Amino acid sequence: DAELLAGARAGDDIAFGLLIERHARSAFAVAYGVVGDADLAEDVCQDALFRVWRRLGECRDPERFAAWLARAVRRHALNALRGRRETQALESVEVAATAPPPDLQAEHADARARLERALRALPAEQRQAVLWFDLEGWSHAEIAETLGTTEAMSRQHVMLARRRLRQMLE
């Protein structure tokens, strides 16, 4: 990351593209964890990445670019959420071209809708922590740094989120 960041700071668009490509999925997960809506998360993520591009010089520790990016996306998502007046329904992620049979599609759609409702019902910190930990593979140290809390609290958020999700999905 540090080498790509140095290149991006020097105006190398390819280096910036590679850097963002490396972290795009995590950035989306951060935004989604905050806003709880796939379309809004995509918009927030794009806006945040543009802002990051303009402020590359503000990253003080190039070795910690991923955490710096996650914090920037999270702040932008929180601001977008505050400015948003009406809540939009979550839309399903598009299915790959080779779709399963209709009965299986319906079953998956129902399960996905139930999971999305359950995720939306979680407090924001718990939703973010469980998505980052279980889907993105973040460590508790990374989650704690991004949320501005302790590793112990990160563990607590993940544990409570999993427990509540199990209860709501039973």
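Let me start with E145. At 31% relative accessibility, E145 counts as partly exposed. This is a predicted model, by the way. E145 pairs with R71 in a salt bridge, and the closest N and O atoms are 2.8 Å apart. Where do the two partners E145 and R71 lie? E145 is in helix α7, residues 140-147, and R71 is in helix α4, residues 65-83. So the pair ties together parts that are 74 residues apart in sequence. R71 is partly exposed too, with a relative accessible area of 24%.

Next, R162 and D134. Their side chains meet in a salt bridge, 2.5 Å from N to O. R162 belongs to helix α8 and D134 to helix α6, so this is again a link between distant parts of the chain, 28 residues apart. How accessible is R162? Partly exposed, at 32% relative accessible area. D134 also counts as partly exposed, at 39%. Back to R71 and E145 for a moment. Salt bridges with shared partners join R64, R71 and E145 into one network.

One more pair. D1 and R22 meet through their side chains in a salt bridge, 2.7 Å from N to O. D1 sits in the segment before α1, R22 sits in helix α2, residues 13-35, and the two are 21 residues apart. D1 counts as partly exposed, at 26% relative accessibility. How many salt bridges does the count come to? Six.

Now the helix packing behind that R162 and D134 pair. Take α6, residues 124-135, and α8, residues 151-169. Their axes come within 8 Å and cross at roughly 95°. That makes α6 roughly perpendicular to α8. Which residues in α6 meet α8? On the α6 side they are E125, Q126, A129, V130, F133 and D134. On the α8 side they are S154, H157, V158, L160, A161, R162, R164 and L165. By class, the residues of this contact divide into seven nonpolar, three polar and four charged.

Look at one of them, Q126. Q126 is found in helix α6. Is Q126 buried or exposed? Buried, because its relative accessible area is 10%, and the cut-off is under 20%. Leave aside its neighbours within four places in sequence. Then Q126 is in contact with H157, L160, A161 and R164.

Over to the start of the chain. In helix α1, residues 2-9, the buried residues include L4, L5, G7 and A8. Why are they on the same side of α1? Because they cover an arc of only 160° around the axis. An α-helix has 3.6 residues a turn, so residues three or four places apart point the same way. After α1 comes G11, and its phi is positive, near 95°.

Last stop, A48. A48 lies in helix α3, residues 38-54. A48 is buried, with a relative accessible area of 3%. What does A48 touch? V73 and H76, not counting residues up to four places away in sequence. Then there is L69. L69 is 21 residues from A48 along the chain, and their C-alpha atoms are separated by 8.7 Å.

To recap the packing: α6 and α8 cross at roughly 95°, and R162 and D134 form a salt bridge between those helices. That's it from me.

Definitions and conventions. Residues are numbered from 1 along each chain as its sequence is written. This is a predicted model: local features need pLDDT of at least 70, side-chain atom pairs count only at pLDDT 80 or more; totals for chains, interfaces and linings use all residues. Side-chain values use heavy atoms; hydrogens and water are left out. Axes are lines fitted to C-alpha atoms, for helices over the stretch in contact, and angles run from 0 to 180 degrees between N-to-C directions. Helices (H or I, at least four residues) and strands (E, at least two) are DSSP runs, numbered from the N terminus. Angles under 35 degrees count as roughly parallel, over 145 as roughly antiparallel, 65 to 115 as roughly perpendicular and the rest as oblique. Contact means heavy atoms within 4.5 Å. Ala, Val, Leu, Ile, Met, Phe, Trp, Tyr, Cys and Pro count as nonpolar, Asp, Glu, Lys and Arg as charged, and the others, Gly among them, as polar. Buried means under 20% relative accessible area, exposed over 50%, partly exposed in between (1.4 Å probe, protein chains only). The arc is that of the directions from the helix axis to the C-beta atoms. A salt bridge is a side-chain nitrogen of Lys or Arg within 4 Å of a carboxyl oxygen of Asp or Glu.
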